[in-house]
Amino acid sequence: MEIAIIWGIALALYLIFYIWYVGFNRPVSHQEINEMEAFLKGQGYSENDTNIMCNFLKKDDGKEFVMVNFLEIKQPKAQSIINLKTYSKSFLGKLIKMAGHPVLMGSVAGGYLDKVNMGDDNWHSVFLVRYRCRRDFLRIMHLAVGKEHDFKLKALDKTFAQPITLQVNLFSVKNMVLLTMALIASISHIIYLSF
């Protein structure tokens, strides 16, 4: 009976995590898209940028996605990095509450080793950030525009962000948490049987 309790607790904890991390997300509604369109126009976004955002939202499947961000830091870099960290701390704090998180962060190690129709950009950093769903991205957009966003603008000469749908993910947080819970339950099971 106690063994069933061990595995039951492990399963319950994983289910709680799964509901938070994956959720039961519905695609964004037409009303939400219209509200975002009005919001972007009010923030001074161009018609082209607004259309790109709205098209991204219209194709919502309710699933997670990853945003690929390339950053070119302003000179002097020391102050710009401080500004970027100030922005990132606020942004990531809000994102983590919505089960979003960085997937990969790194500094660019050199120039383009292969390129087709590309300029001579001087990227400094690359960030891949996981979002639970596009509705969370809408919430973050509203939260991120403001005083904190000014720190980002002060830090960057150039940036772009492009969403991707995951097709292969060898470092799935869901799987890592599942394996960790199974490992803890297995060890607890073995310890129980030892006594």
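Helices are DSSP runs of H or I with at least four residues, and strands are runs of E with at least two, both numbered from the N terminus. The structure is a predicted model, in which local features need pLDDT of at least 70 and side-chain atom pairs count only at pLDDT 80 or more, while totals for chains, interfaces and linings use all residues. Residues are numbered from 1 along each chain as its sequence is written, and side-chain values use heavy atoms, with hydrogens and water left out.

Salt bridges, each defined as a side-chain nitrogen of Lys or Arg within 4 Å of a carboxyl oxygen of Asp or Glu, number 10 in the structure. One of them joins Glu-37 to Lys-41, with 3.3 Å between the closest N and O atoms; both residues belong to helix α2 and stand four residues apart, about one turn of the helix. Another is formed by the side chains of Glu-32 and Arg-135, at 2.8 Å from N to O. Because Glu-32 lies in helix α2 (residues 30-42) and Arg-135 in helix α5 (residues 134-144), this pair ties together parts that are 103 residues apart in sequence. In a further salt bridge, the closest N and O atoms of Glu-64 and Lys-174 are 4.0 Å apart. This pair links distant parts of the chain, since Glu-64 is in the loop between α3 and β1 and Lys-174 is in helix α7 (residues 173-194), 110 residues away. Glu-64 and Lys-174 also belong, together with Arg-130, to a network of salt bridges.

Burial is described by relative accessible area, with buried meaning under 20%, exposed over 50% and partly exposed in between (1.4 Å probe, protein chains only). By this scale Arg-135 is buried, at 12%, whereas Glu-37 is partly exposed, at 24%.

Just after α4, Ala-99 takes a positive phi of about 65°.
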